[in-house]
Amino acid sequence: MHELILGGAKSGKSRAAEARAARWLVQQGQPGRQALLIATAVAGDAEMASRIARHQADRAARLPQLACLELNGASLAEAVAAQARPDQLLVVDCLTLWLTQWAMPMTGLHASALQLQVLTDELSGSLRAASGPVVLVSNEISLGVLPLGADTRRFVDALGLLHQAVAACCERVTLMVAGCELPVKGRAS
């Protein structure tokens, strides 16, 4: 089963995904299960490097059995395709940072709307073909006013389209608000 977990900053998205992984790992009658985090963040500055280090330490303390694959610019669709298998739950954290690297990179050219659609289609295809469960985490950023800048509006639009495409591939969508899970699609966990 695939699930998309959406929410604002510090809403509890990552912890909810980790809770899914913890339950997956200890499910009775299912020995040999594994869980893998596909981390998409890239440290572009000292503050982000510090955030990543804090996330790594906190996650290792809470769930040391959760292995980690740092994407570091590699194809997310290819990583999902290569790592998905029936005995392994994948946690992708997070789609927002992954898309940012394409739509609003710190260096280099911004991906076009067509390129972003291709990336979305590739990820959707990998999710549909995934032979094991995938939990995807992303920020819901489009609940406020329309941003003033053209680049920011373009990003908000691209993320909204990505969320729609991924949600269509998931049996469950959950919105996190203040640490509370609100089922949007499918049954609550």
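**Pockets and a helix pair**

Mentor: The largest pocket has a volume of about 1,100 Å³. This is a predicted model, where local features need pLDDT of at least 70 and side-chain atom pairs 80 or more, while totals for chains, interfaces and linings use all residues. Residues are numbered from 1 along each chain as its sequence is written, and side-chain values use heavy atoms, leaving out hydrogens and water.

Trainee: Which residues are the closest to the centre of the largest pocket?

Mentor: In general, rolling a probe the size of a water molecule over the atoms shows where empty space is left. A pocket is an open set of points on a 1 Å grid over the protein atoms alone where a 1.4 Å probe fits, with protein on both sides within 12 Å along at least five of seven lines; lining residues have an atom within 4 Å of a point. A volume is the space filled by probe spheres set on the points, which are joined across faces, edges and corners. Here, A41, M48, R51, H55 and L97 are the closest to the centre, out of 41 lining residues. Helix 2 (46-62) supplies the largest share of that lining, 10 residues.

Trainee: At what angle do helix 4 and helix 5 pack?

Mentor: Two packed helices are described by the angle between their axes and the distance between the axes. Helix 4 (residues 95-103) and helix 5 (residues 113-129) pack at about 145°, with axes 11 Å apart. Axes are lines fitted to C-alpha atoms over the stretch in contact, with angles from 0 to 180 degrees between N-to-C directions; helices are DSSP runs (H or I, at least four residues), numbered from the N terminus. Contact (heavy atoms within 4.5 Å) joins L95, W98, L99, W102 and A103 in helix 4 to L116, L119 and L123 in helix 5.

How values were computed. Helix = DSSP H or I, 4+ residues; strand = E, 2+ residues; numbered from the N terminus.
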